[in-house]
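Please look through the sequence and the structure shown below.

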Amino acid sequence: MLSTVLPLPKTISLNYLFVSESLMATVFIPSSKASSASSFSVHQRTSLPRLTPLSETTMEESVDHAHAIITKWDTKSPASLFQENRKEGREFLKCVKDLRSAMHFFLTQKWASGNLVLAQQLMQIAMKRLEKEFFEILSANRDRLDPDSVKSSLSWRSSSSDDNLASDDDDEINVAGESITQVERVSALAMYDLKAIADCMIGCGYGKECVKIYKIIRKSIVDEGLYHIGIERKSCSSSQISKLSLQDLSHKIKHWVGAATIAVKTLFNGERILCDHVFSASDSITESSFTEITKEGAKNLFRFPELVARTKRSSLEKIFCFLDLHEAISNLLPEIESIFSFESDSAVRLQVSSSLLKLSEAVTATLSEFESAVQKNSSKTLVTGGGIHPLTESSMNYISSLADYDGALSEILGDRPVPAQSPFPESYFDSPKSMDNPPSAVAVRLAWLILVLLCRLDGKAELYKDVSLSYLFLANNLHFVLEKVCTTKLRYILGEEWIFKHEKKVKQYSANYEVMGWSKVFSSLPDSNSNVPAMSPEDVKEWFMRFNIAFEEAYRKQTSWVVQDEKLRDEMKVSIAKKLVPAYGEFYEKHIGMLRGERNLEVLLRFSPHDLGNYLSDLFHGPSISGSSTSSSSSSQSIHRK
């Protein structure tokens with residue numbers, strides 16, 4: 001695995017030109033022969049001149065010392081250099097550094113070919129040993145170099161010196177990090193050793209061998225981590241995802257969101273931290289290592305949302321799957337961009353952007369489909385008693401659920417306007433607009449969808465033959481819309497001004513219902529304020545008979561009508577009673593004496609003032625209270641005519 005040639009720094013390349021061709025032939029020894037250097041005697045070096053300068057002597061002593069240390073720990077030694085004796089591990093790295101300096105010096109000396117050959121052999125033995133140690137540390141600490149331990153260890157390491165970490169004294173380490181666990185301690189030491197070895201090998205020109213081992217082991221760890229959180233190496237296809245039921249797809253997306261959060265915040269983040277730490281000596285090595293380790297897994301992870309977005313939109317409810325995915329990616333986006341910030345990570349960032357774009361397109365397309373479905377709902381089935389239409393309930397459930405995703409919708413909709421050519425009359429847009437505080441894109445879009453619904457309900461109200469029932473239907477349904485707005489996040493999106501405007505409309509519809517539904521009853525009583533001449537008993541009998549007929553007709557008809565909201569129901573009853581009961585009571589008390597002695601008096605005086613209140617209390621419960629309400633769990637599928 002090791003290079004057969006010792007890479008030489010550019011700064012000494014000119015000096016190297018002065019080395020004889022015969023020396024060049026002896027310096028670059030094949031790695032297959034490097035193991036024999038352990039038996040290469042220091043005393044076999046070329047004889048030195050009688051007078052040796054101090055620098056030459058120092059360099060020779062460095063080689064002698066390196067020979068003793070390196071041959072002791074050659075690749076045949078079964079013991080672990082960094083686990084058996086950390087002090088000796090530090091000494092090994094120091095002697096390699098000194099050996100490298102000596103080699104640079106010998107390259108400038110024509111007489112030092114023998115020294116250079118020995119130094120080169122020793123260097124290759126040392127590199128093989130460090131390569132072995134690097135592999136063993138990575139392998140032995142697979143579980144300890146997990147992302148959480150990496151982050152904790154790095155945090156602890158930042159408050160501890162490298163000398164403490166490299167120390168052979170456990171007490172010294174414990175003092176430096178009293179609060180760390182045993183796992184964090186082992187992880188911190190492993191990280192220190194890996195960085196020290198990597199720095200040494202890269203500095204000596206053997207970074208390629210070091211990086212190869214690191215990539216193989218760490219990539220297997222990352223791939224294994226992704227597998228354990230449920231991310232398979234081979235993604236499902238769009239056709240496979242399309243076959244899933246909405247419930248199964250929602251479950252799969254929920255699992256993906258959790259897995260993606262773990263992958264980004266823990267797995268990829270921890271790997272980036274470890275990679276930055278171990279290869280801090282070289283930015284290019286850090287980048288290539290991290291990219292090769294994580295690129296495949298990250299692209300596979302972030303491809304899933306795009307595949308979901310490309311599936312057929314068989315149900316309007318699928319928009320919530322798209323929004324869940326968009327929201328999850330958007331929340332993770334700052335960390336994704338920070339972790340995958342290298343230029344070579346552009347493929348990962350591009351996949352994330354592509355997924356967000358496809359999800360945005362799927363959401364806007366589904367919103368348009370929902371709007372079209374509401375507009376085209378052609379059901380002519382009348383809701384009994386003017387109650388809540390299934391279209392109202394399903395649409396408002398859908399729109400209020402959309403409001404829970406206002407953050408994601410804000411990013412998706414941006415400045416996209418509602419359709420420029422509106423099919424609705426100008427009167428629908430009479431709400432005041434504040435230039436100082438314009439509504440958000442989400443507020444505009446959701447208000448538009450509600451407007452589409454209300455316009456469609458206007459058309460359905462026209463299907464009732466009784467005009468008063470049409471107004472009751474509109475009051476019921478608009479009140480339901482208001483209640484849904486006021487009890488969900490829609491209240492904060494649409495604002496109080498929108499609510500106030502539509503509350504006025506509910507009151508207007510209620511008043512119109514009252515006028516159209518009870519005007520005949522009100523007119524069956526004489527106006528007490530008008531100057532009418534005194535009535536004869538026959539006149540009084542006629543007025544009572546008119547009232548009886550009008551009231552019975554209204555009562556009989558309207559007991560089958562329904563107002564589901566208790567508060568609205570009571571308000572409407574009270575409003576009718578305030579107008580009807582006092583007027584009838586006054587007429588009743590004023591003229592009852594004229595009818596004393598009349599035969600069949602109970603027929604004429606069919607209702608006492610007290611009776612009217614009791615009769616009015618029966619109104620708006622429908623033919624069956626339990627059956628008059630529609631299930632709140634109606635699916636948006638009911639928007640379509642069946």
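**A walk through the model**

Q558 has its place in helix α23; helices (H or I, at least four residues) and strands (E, at least two) are DSSP runs, numbered from the N terminus. The model is a predicted one, in which local features need pLDDT of at least 70 and side-chain atom pairs count only at pLDDT 80 or more, while totals for chains, interfaces and linings use all residues. Residues are numbered from 1 along each chain as its sequence is written, and side-chain values use heavy atoms, with hydrogens and water left out.

Is Q558 buried or exposed? With a relative accessible area of 0%, Q558 is buried. Buried means under 20% relative accessible area, exposed over 50%, and partly exposed in between (1.4 Å probe, protein chains only). Leaving aside neighbours within four places in sequence, Q558 is in contact with Y513, G517, W518, L619 and F620, where contact means heavy atoms within 4.5 Å.

Two of these partners can be followed further. F620 is found in the segment after α26. F620 counts as buried, at 0% relative accessibility, and has a positive phi of about 70 degrees although it is not a glycine. W518 touches Q558 as well as Y513, F551, A554, I576, L580, L616 and L619, not counting residues up to four places away in sequence.

Next comes the pairing of helix α23 with helix α24. Two packed helices are described by the angle between their axes and the distance between the axes. Helix α23 covers residues 537-558 and helix α24 residues 566-591; they pack at an angle of about 150 degrees, with their axes 11 Å apart. Axes are lines fitted to C-alpha atoms, for helices over the stretch in contact, and angles run from 0 to 180 degrees between N-to-C directions. α23 and α24 are therefore roughly antiparallel to each other; angles under 35 degrees count as roughly parallel, over 145 as roughly antiparallel, 65 to 115 as roughly perpendicular and the rest as oblique. On the α23 side, V540, W543, F544, F547 and F551 make the contact, and on the α24 side L580, Y584, F587, Y588 and H591. These residues divide into nine nonpolar, one polar and no charged. Ala, Val, Leu, Ile, Met, Phe, Trp, Tyr, Cys and Pro count as nonpolar, Asp, Glu, Lys and Arg as charged, and the others, Gly among them, as polar.

L612 lies in helix α26 (residues 609-616). This residue, L612, is buried, with a relative accessible area of 0%. Beyond its neighbours within four places in sequence, L612 is in contact with F547, F551, L580, V581, Y584 and F607. The C-alpha atoms of L612 and G585 are separated by 9.4 Å, and the two residues are 27 residues apart along the chain.

Another helix pair is α13 (residues 246-278) and α15 (residues 319-339), packed at an angle of about 5 degrees with axes 10 Å apart. That makes α13 roughly parallel to α15. Their contact residues divide into 15 nonpolar, four polar and four charged.

Finally, the whole protein. It has 26 helices and zero strands. Of its 642 residues, 48% count as buried. Among contacts between residues at least 6 apart in sequence, 84% join residues at least 24 apart.
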